Amino acid sequence: MNDKHEDKLMSDARRLATRISPKRDLWPDIATAIAQPGRSRWTSMLAQAAAVILLVGASSGVTYLAVYDDQPPAEFMPPNLTFEQASFGGQYQLGPDFQDARSNLASKLDRELTRLSPEARAGVEENLQLIRNAINDINGALEQEPDNALLQELLLKTYHQELRVMRDVGGLTRSVMSRNDI
Amino acid sequence: MAALLAMEPRDYSPAMVSPTQQATTDEATWIARAQRSDAQAFESLYRAHVDRVYGLCLRMTGNVSEAEDCTQEAFIQVWNKLAKFRGDSSFATWLHRIAVNAVLGRMRKARREQDRIQLATEASISPASIGDTGNLRDLSDAVDRLPQGARHVFVLYAVYGYSHEEAGNMLGIATGTSKAQLHRARRLLAQQLKQEGFEA
């Protein structure tokens, strides 16, 4: 095999047909498959978001148990929190009370985190980041399907999950403080 | 169209659109509409690309039935993933990548390589050589008898003109591995064609 033959081989290869028509029309089967109702293009994203929420929930629980010291955590709940007032209609706006509670907790979060051990703090921050990524993904999906009830419900649950983690951080820090006091 | 071709080259009026530009514009429109779940636009995309996708699947699998299944699977996946297409690469390249994945996934899942070799041996003319004539048919048959790894690289690099980097990305192998597989393919092809008295 020499260079001349190799060149001939490659130039012949480039002349091989790249367009070959199938013997039968493949479109009808494709059309049937894509017309089937069921999994929308967001389904897998929703499944992923749900998995994230489950993961975060489980992880939060583990973190909580790892830090919790038999004592029930002090209740840390800003007054007048009304989670149910978050409203999701065609415009999927959060209720003002929900937004206030969220802002309130978020503003306290940094201070609360400093009271946790580095490991627990890293766990909480990682969980919150996962939740916020999920919120961004769901909001992106809602921009294209604003009236998707499943997405709206998932967004609401995800916001609740975020609030729960932020609230638990408050509980954790109270627990740590009372343990240190003893 | 005749009126467009008759125009002076320096006439840059908005009506002067080359067939290539027109095809690109059409394709962009079809993609945008298909992204909004317009099945008719998607059919237009299918009609424009099916021969090239089927050809790629046929050359990679060497089996008509497998190639048909892979082609259908690829277009269904394209429909499901179309919202994610942002035009970072050309639509054809993106489509080919999905088709290659469909072929690889199918081969891995069903382990049909053995069946494929059997079918290729039984066939008097390789299915992939349907579109070729003369000596090219011998080459096509020889390509079809290559081992899977060498055949896939040869088809993507030598037949479809992708770079080693692109072929490696599509096949999930390193660029160096793609080069090594091409070298192997060329050596095996030269041997095969020499044995059959075909002057490569």
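Guide: Chain A has six helices and zero strands, where helices (H or I, at least four residues) and strands (E, at least two) are DSSP runs numbered from the N terminus. This is a predicted model, in which local features need pLDDT of at least 70 and side-chain atom pairs count only at pLDDT 80 or more, while totals for chains, interfaces and linings use all residues. Residues are numbered from 1 along each chain as its sequence is written, and chains are lettered from A and ligands numbered from 1 in the order in which they are written.

Chain B, for its part, has ten helices and zero strands. Of the 182 residues in chain A, 23% are buried, and of the 200 residues in chain B, 36% are buried; a residue is buried if 20 or more other C-beta atoms, placed from the backbone, lie within 10 Å of its own, exposed if 12 or fewer do, and partly exposed in between.

The part to look at closely is helix α3 of chain B, beginning with the place where the chains meet. There, 32 residues of chain B are in contact with 27 residues of chain A, and two residues are in contact if their C-beta atoms, placed from the backbone, lie within 7 Å. On the side of chain B that touches chain A, the elements giving two or more residues are α3 (39-61), α4 (64-81), α7 (135-144), α8 (148-159) and α10 (175-195) of chain B. Among these, α3(B) gives the most, with nine residues. Sorted by class, this side of chain B has 19 nonpolar, six polar and seven charged residues; here Ala, Val, Leu, Ile, Met, Phe, Trp, Tyr, Cys and Pro count as nonpolar, Asp, Glu, Lys and Arg as charged, and the others, Gly among them, as polar.

Two packed helices are described by the angle between their axes and the distance between the axes. Helix α2 (residues 27-35) of chain A packs with α3(B) at an angle of about 145°, their axes being 11 Å apart; axes are lines fitted to C-alpha atoms, for helices over the stretch in contact, and angles run from 0 to 180 degrees between N-to-C directions. In this pairing, A:Trp27, A:Ile30, A:Ala31, A:Ile34 and A:Ala35 meet B:Ala39, B:Glu43 and B:Tyr46, a contact with seven nonpolar, no polar and one charged residues. An α-helix has 3.6 residues a turn, so residues three or four places apart point the same way.

Now follow α3(B) along its own length. A straight helix of 23 residues would span 33 Å at 1.5 Å a residue, whereas α3(B) spans only 28 Å between its end C-alpha atoms; the expected span is 1.5 Å times one less than the number of residues. There is also a kink of about 55° in α3(B), centred on B:His49, the bend at a residue being the angle between axes fitted to the seven residues ending there and the seven starting there.

Finally, consider what flanks the helix. B:Ser37, in the loop between α2 (19-35) and α3 of chain B, has a positive phi of about 70° although it is not a glycine. B:Ser37 is partly exposed, because 14 other C-beta atoms lie within 10 Å. Just after α3(B), B:Gly62 takes a positive phi of about 70°.
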